[in-house]
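Please look over the structure below with an eye to its aromatic side chains and the loops beside them. The report that follows takes up these parts in turn.

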Amino acid sequence: FVAGGGVPTTVTSVFIVNLFSASPRFGPTMGGTPVTLAGSGFSTSVSDRVQCRFGTTLVPGTLLNVGAIRCLAPSTDGAVGTFAVALTFDGIFFSSSDITYIYYTAISIFTTTPTA
């Protein structure tokens with residue numbers, strides 16, 4: 001819009017998002033674990049744009065209600081360790097918290113003995 005004096009002005013909405021917890025807090029490096037993030041400041045007006053960040057990887061999120069968002073943990077291509085978790089509704093501003101997600105190597109069992 002044009003403010004007084006005819007100078008174009010851009011109005012940007014910024015959502016203040018707070019994260020309180022992630023559940024579960026860990027999963028395999030192959031990803032795919034549904035992670036529910038609890039917090040405040042989640043807006044239903046931009047629910048189609050919510051994204052979760054695990055480390056540096058962005059994945060789409062689903063707004064469950066004004067206090068919970070669910071994301072599928074992305075694959076880390078085998079990297080194990082602790083990754084910071086954040087939310088964004090615009091891809092520019094991210095939540096700030098100490099919430100982390102721990103990736104571990106999944107165990108595979110191929111055979112057991114005795115078989116009978």
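In which strand does Phe 26 lie? Phe 26 lies in strand S2, where strands are DSSP runs of E with at least two residues, numbered from the N terminus. This is a predicted model, in which local features need pLDDT of at least 70 and side-chain atom pairs count only at pLDDT 80 or more, while totals for chains, interfaces and linings use all residues. Residues are numbered from 1 along each chain as its sequence is written, and side-chain values use heavy atoms, with hydrogens and water left out.

Phe 26 is partly exposed, at a relative accessible area of 49%; buried here means under 20% relative accessible area, exposed over 50%, and partly exposed in between, with a 1.4 Å probe and protein chains only. Together with Ile 102 and Tyr 104, Phe 26 makes a nonpolar surface patch of about 290 Å². Such patches are made of residues with over 30% relative accessible area and no salt bridge, nonpolar side chains being joined within 5 Å, and a salt bridge is a side-chain nitrogen of Lys or Arg within 4 Å of a carboxyl oxygen of Asp or Glu.

The aromatic pairs come next. Rings of Phe, Tyr and Trp (its six-membered ring) pair if their centres lie within 6.5 Å, and planes under 30 degrees apart count as stacked, over 60 as edge-to-face and the rest as tilted.

| Pair | Centre to centre | Angle of planes | Class |
|---|---|---|---|
| Phe 83 and Tyr 103 | 5.0 Å | 80 degrees | edge-to-face |
| Tyr 101 and Tyr 103 | 4.9 Å | 75 degrees | edge-to-face |

Because Phe 83 lies in strand S7 (residues 81-88) and Tyr 103 in strand S8 (residues 100-104), their pair ties together parts that are 20 residues apart in sequence. Tyr 101 and Tyr 103 are both buried, Tyr 103 with a relative accessibility of 2%. One aromatic cluster is formed by Phe 54, Phe 83, Tyr 101 and Tyr 103.

Two loop threonines remain. Thr 76, in the loop between strand S6 (68-72) and S7, counts as buried at 14% relative accessibility. Leaving aside residues up to four places away in sequence, Thr 76 touches Thr 29, Phe 83 and Tyr 103, a contact being heavy atoms within 4.5 Å. Thr 29 sits in the loop between strand S2 (26-28) and strand S3 (34-40) and is buried, with a relative accessible area of 11%.

Notes
Helices (H or I, at least four residues) and strands (E, at least two) are DSSP runs, numbered from the N terminus. Patches are made of residues with over 30% relative accessible area and no salt bridge: like charges are joined within 9 Å, nonpolar side chains (Val, Leu, Ile, Met, Phe, Trp, Tyr) within 5 Å. Accessible areas come from the Shrake-Rupley method with a 1.4 Å probe; for residues, only the protein chains shown count as cover.
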